[in-house]
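Morning, everyone. Please have the sequence and the model open while I talk. I'll go from helices to cores, then rings, then surface.

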Amino acid sequence: MSRLRAFAEAAVSRLPARLQPMARWRFIKFGAVGASGTVINVAVLYASQEFLLRGIADFHMRLNFSIAIAITCATISNFYWNRRLTWRDRRHQVHHSALFLFAKYVMAAGLAIVVQSLLTKWLSLYMHYLLANLVAIALASLFSFVANDRMTFRRRRAKVPPSVDAAEAADAPEKP
């Protein structure tokens, strides 16, 4: 076992038992995808705020548009990579189009997106808007993972055939 894996396993084993399954490799993949999305988010936010939308004089109005563009770009990227990497093993269980899954992904991440937007706006009153955005992303990430694991890329429950006993009981005549 590699040192990194041994370190990760030791760290996960110190978590409460309820959190351990979530913190295994799927969450690490989710974190890696999220980190790439964070880079995209921050880069697009900066480019929009400082260059692309510079013609909008009002800082807060420009920030609203910049946040929307940044979150949209990061969400599209994160959906693609989470589908290809994080929940790749569940692809065979999902019988929907990518567009339908993307709609579910956006709905599942919707609250996280709203929280991130509001926190970024609120925290930007007290700190630089890029730092505010990073803090907001970190706080919204856990919710986003759970929502997407449970809703968008959830495991399909296997249909359990009725037991033989239940079938026999249904066929048996009623006792007086």
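Helices here are DSSP runs of H or I, at least four residues, and strands are runs of E, at least two, numbered from the N terminus. This is a predicted model, so to speak of local features we need pLDDT of at least 70, side-chain atom pairs count only at pLDDT 80 or more, and totals for chains, interfaces and linings use all residues. Residues are numbered from 1 along each chain as its sequence is written, and side-chain values use heavy atoms, with hydrogens and water left out.

Start inside. A nonpolar core is a set of buried Ala, Val, Leu, Ile, Met, Phe, Trp, Tyr and Cys residues joined through side-chain atoms within 4.5 Å. Buried means under 20% relative accessible area, exposed over 50%, partly exposed in between, with a 1.4 Å probe and protein chains only. The largest nonpolar core has 8 residues: Val44, Leu45, Leu63, Ile67, Ala70, Ile71, Tyr129 and Leu130. At least two of its residues come from each of helix 3 (25–52), helix 4 (59–86) and helix 6 (129–152). Helix 4 gives the largest share, 4 residues. Another core lies apart from it, with 7 residues, including Phe30, Leu101, Tyr105 and Phe145.

Now the rings. Rings of Phe, Tyr and Trp (its six-membered ring) pair if their centres lie within 6.5 Å; planes under 30 degrees apart are stacked, over 60 edge-to-face, the rest tilted. The structure holds 14 aromatic pairs. Take phenylalanine 30 and tryptophan 87: centres 5.9 Å apart, planes at 65 degrees, so edge-to-face. Phenylalanine 30 sits in helix 3 and tryptophan 87 in the loop between helix 4 and helix 5, so the pair ties together parts 57 residues apart in sequence. Both residues are buried.

Next pair: tyrosine 105 and phenylalanine 153. Their centres are 6.4 Å apart and their planes at 65 degrees, so this pair is edge-to-face. Tyrosine 105 is buried, at 4% relative accessible area. Phenylalanine 153 is buried too, at 2%. One aromatic cluster takes in Phe27, Phe30, Phe79, Trp87, Phe102, Tyr105, Phe145 and Phe153.

Where is valine 115? In helix 5. Is valine 115 buried or partly exposed? Partly exposed, with a relative accessible area of 31%.
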